[in-house]
Amino acid sequence: MAACLIPVINSYYCAPDTLNIDIVRKVMRATDGIFVVKDVNGKTIFKVKDSFFTLHDRRVLLDSAGNPLVILYKQIRSMHDRWNVFRGTSTEPEDLIFTVKRSSSIQWNYKLHVFLASNTAQDRCDFKMQKKDSVSSFLFGKDTFMLTMYPNIDYAFIVTVIVILDEISDGDLSKVIGNLTENLVTGIPTPTSN
């Protein structure tokens with residue numbers, strides 16, 4: 001039985017085999033951006049850059065050639081730290097791909113709900129991410145993390161959610177990166193109640 005293809009940003013980023021990636025948080029943000037994502041051979045897959053001089057927090061996910069794939073846009077005055085992700089550099093409603101927010105405005109653990117753009121009611125999330133204490137961390141160093149992506153999962157989507165998680169956790173990704181729940185990394189939609 002073939003695994004189900006789960007594209008969110010683009011099916012191009014759904015590798016047919018398991019994929020290991022390194023996510024490196026950069027100290028010098030001006031040239032390489034906030035994060036650089038590399039494959040096991042050290043080849044850059046993505047970069048994440050700040051959009052400076054804006055009223056909203058914005059991040060841009062770039063492909064290896066420097067082309068913008070998505071823009072991550074934080075809503076001002078959001079009780080749940082809501083982030084909207086749009087195709088390219090647009091923030092037009094028709095280019096919305098998905099929304100990520102904390103499941104509650106008051107949380108001790110990190111628990112995110114992801115709503116695809118087609119889920120306009122947002123009464124049930126399409127994916128969720130939460131801390132899972134039984135999973136060990138993949139922390140290599142203070143600012144480098146390794147993730148293994150299962151086949152046919154949109155790894156651009158996973159990287160985007162991790163960047164949002166880093167923002168929501170005030171840059172302390174080491175608290176949560178090794179604790180991704182399997183349902184998000186494998187991309188299996190989980191029925192949940194909000």
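Predicted model: local features only at pLDDT ≥ 70, side-chain atom pairs only at ≥ 80, totals over all residues.
Asp50, Arg59 and Glu167 are linked in a network of salt bridges. A search of the whole structure finds four salt bridges. One of them joins Arg59 to Glu167, with the closest N and O atoms 3.0 Å apart. Arg59 sits in strand β4 (residues 58-63) and Glu167 in helix α2, so this pair ties together parts that are 108 residues apart in sequence. Arg59 is buried, because its relative accessible area is 9% and the limit for buried is under 20%.

For Asp81, the relative accessible area is 16%. The side chains of Asp81 and Lys74 also meet in a salt bridge, at 3.9 Å from N to O. Lys74 has 24% relative accessibility, so Lys74 counts as partly exposed. Why can such pairs form? Side chains of opposite charge can pair when their charged atoms come close.

The overall layout comes next. The secondary structure of the protein comes to three helices and eleven strands. Read along the sequence, the pattern is β-α-β-β-β-β-β-β-β-β-β-β-α-α. The protein has 194 residues, and buried residues make up 47% of them. The protein exposes about 10,200 Å². Carbon and sulfur atoms supply 51% of that area. Contacts across the sequence were also examined. Among contacts between residues at least 6 apart in sequence, 47% join residues at least 24 apart.

Helix α2 covers residues 155-168. At 1.5 Å a residue, its 14 residues should span 20 Å. At the start of α2, a side-chain oxygen of Asp154 reaches to within 3.1 Å of the backbone nitrogen of Ala156. An α-helix has 3.6 residues a turn, so residues three or four places apart point the same way.

Strand β3 (residues 44-50) contains Ile45. Ile45 is buried, with a relative accessible area of 14%. Which residues does Ile45 touch, not counting residues up to four places away in sequence? They are Ile21, Val37, Lys38, Asp39, Leu62, Asp63, Ser64 and Tyr155. Ile21 is 24 residues from Ile45 along the chain. The C-alpha atoms of these two residues are separated by 8.7 Å.

The structure holds seven aromatic pairs. A pair of aromatic rings is described by the distance of the centres and the angle of the planes. The rings of Phe46 and Tyr155 have their centres 5.8 Å apart. Their planes stand at 50 degrees, so the pair is tilted. Phe46 counts as buried, at 0% relative accessibility. Tyr155 is buried as well, with a relative accessible area of 11%. Tyr73 and Phe86 form another aromatic pair, with 6.3 Å centre to centre and 80 degrees between the planes. The pair is edge-to-face. Tyr73 lies in strand β5 and Phe86 in strand β6, so the pair ties together parts that are 13 residues apart in sequence. At 15% relative accessibility, Tyr73 counts as buried. Phe86 is buried too, with a relative accessible area of 6%. Ring pairs also build a cluster, which is made up of Tyr12, Tyr13, Phe46 and Tyr155.

Definitions and conventions: Residues numbered from 1 in each chain as written. Heavy atoms only, no water. Helix = DSSP H or I, 4+ residues; strand = E, 2+ residues; numbered from the N terminus. Expected span 1.5 Å × (residues − 1). Polar contact = N/O pair within 3.5 Å; in protein donor to acceptor, adjacent residues only side chain to side chain. Buried < 20%, exposed > 50% of the residue type's maximum accessible area, 1.4 Å probe, protein only. Contact = heavy atoms within 4.5 Å. Areas by Shrake-Rupley, 256 points an atom, 1.4 Å probe, with all protein chains shown as cover. Phe/Tyr/Trp six-rings, centres within 6.5 Å; stacked < 30°, edge-to-face > 60°.
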